[in-house]
Amino acid sequence: ELLVVIAIIALLMGILMPALSLVREQGRRTACAHNEKNMGMGLFMYAHDYDGKLPMNTVADRWLFDISYSTADYLMQSGGFDRHIFYCPSWSQRDRIIFWRYGENLPAGTPETYAVPEPTAVATRKDYHRIMGYYYFIDIIKPDGTHWPNPPMSPDGQPKEWVRSVISTKQPPAMVELISDVTVSDGPDRDTADFSRAIGGCWSRWQIYDRSNHLKKGTKATGGNIFFVDGHGEWRRFEEMQHRWPWQRYQNPCFWW
């Protein structure tokens, strides 16, 4: 009888565990959407004070989840939140001090209690960047004062739009992405690409792979939350996403949304 009871419990656990996992992931998706909405509200509050203009990103390169220290300052001051909002709860490992203070080249084993003050020089904060848990489609201005010349591309070769102002966009605001979950892969083929192992800046520095926020079966993307310039958010299934843009100098990572 004891063996029968154990077998029944094991069977029930096998049935319930996948369902519980789905419930937990749904909760993380909801929290993720709230993160994007709050960050978007922070950008809108900044824009309200500057005639609709958004703070420009000042990083020299163009990884879609890189934000300069100074741009992050504007977001945090406008929204009144801490650094953890910049990271999707579905991949909490990215919410680490080494990513948050990437520009300072901290060792991989730096403890989360690391309390050495950040550099305060204005030029340094414009140059150093943080690795975030989301894509930001705000306009970028390079140190020489020019704008980044290559916006992310759509599959038909038409350029997407970096957002400089929330009141002046080329497309209707409801169609212009402002913030998105990270969906990144090691190649452009949706069927064979690995979305948990995209070699990039983290790999070269710490031997840590970049990966997508929301995964199924460990390596395949499920989709991501996207926040738009008109203030609405939506969940976009991976089947609806496109391979938008590869990093220029390497075959990967490949960015999807």
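Which cysteine sulfur is closest to the sulfur of Cys88? It is that of Cys32, 3.7 Å away, which is too far for a bond.

## Basis of the model

This is a predicted model: local features need pLDDT of at least 70, side-chain atom pairs count only at pLDDT 80 or more, and totals for chains, interfaces and linings use all residues. Residues are numbered from 1 along each chain as its sequence is written, and side-chain values use heavy atoms, with hydrogens and water left out.

## Overall build

The protein chain has five helices and 11 strands. Both are DSSP runs, numbered from the N terminus: helices are H or I with at least four residues, strands are E with at least two. Of the 257 residues, 46% are buried. Buried means under 20% relative accessible area, exposed means over 50%, and partly exposed lies in between (1.4 Å probe, protein chains only).

Contact means heavy atoms within 4.5 Å. Among contacts between residues at least 6 apart in sequence, 65% join residues at least 24 apart. The chain exposes about 12900 Å², and carbon and sulfur atoms supply 58% of that area. Accessible areas come from the Shrake-Rupley method with a 1.4 Å probe; for residues, only the protein chains shown count as cover.

## Cysteines

A disulfide is a pair of cysteine sulfur atoms within 2.5 Å. The count comes to zero disulfides. Cys88 is buried, at 2% relative accessibility. Cys202 is buried too, with a relative accessible area of 1%.

## Aromatic rings

Rings of Phe, Tyr and Trp (its six-membered ring) pair if their centres lie within 6.5 Å; planes under 30 degrees apart count as stacked, over 60 as edge-to-face and the rest as tilted. The count comes to 20 aromatic pairs. One is Phe44 with Phe227: the ring centres are 5.8 Å apart and the planes are at 40°, so the pair is tilted. This pair links distant parts of the chain, 183 residues apart. Phe44 is in helix H1 (residues 2–49), and Phe227 is in strand E8 (residues 223–228). Phe227 is buried, with a relative accessible area of 3%.

Tyr135 and Phe137 have ring centres 6.2 Å apart and planes at 70°, so this pair is edge-to-face. Both residues are buried.

## Arginines

A charge sits over a ring if NZ of Lys or CZ of Arg is within 6 Å of the ring centre and within 35 degrees of the ring normal. Arg190 lies over the face of Phe238, at 4.8 Å from the ring centre. Arg205 has its charged end over the ring of Trp206, 5.7 Å from the centre.

Arg101 sits in the loop between helix H3 (97–100) and helix H4 (122–127). Arg101 is buried, with a relative accessible area of 4%. A polar atom of its side chain lies 3.4 Å from the backbone oxygen of Pro117. Leaving aside neighbours within four places in sequence, the contacts of Arg101 include Tyr69, Tyr114, Glu118 and Arg130.

Helix H2 spans residues 69–79, and its buried residues include Tyr69, Thr71, Asp73 and Leu75. Just after H2, Gly80 takes a positive phi of about 70°.

Met56 is in the loop between H1 and strand E1 (66–68). Met56 is partly exposed, with a relative accessible area of 30%. Not counting residues up to four places away in sequence, Met56 touches Thr71, Asp139, Ile141 and His147. Met56 and Ser165 are 109 residues apart in sequence and 9.9 Å apart in space, C-alpha to C-alpha.

Conventions. Polar contact = N/O pair within 3.5 Å; in protein donor to acceptor, adjacent residues only side chain to side chain.
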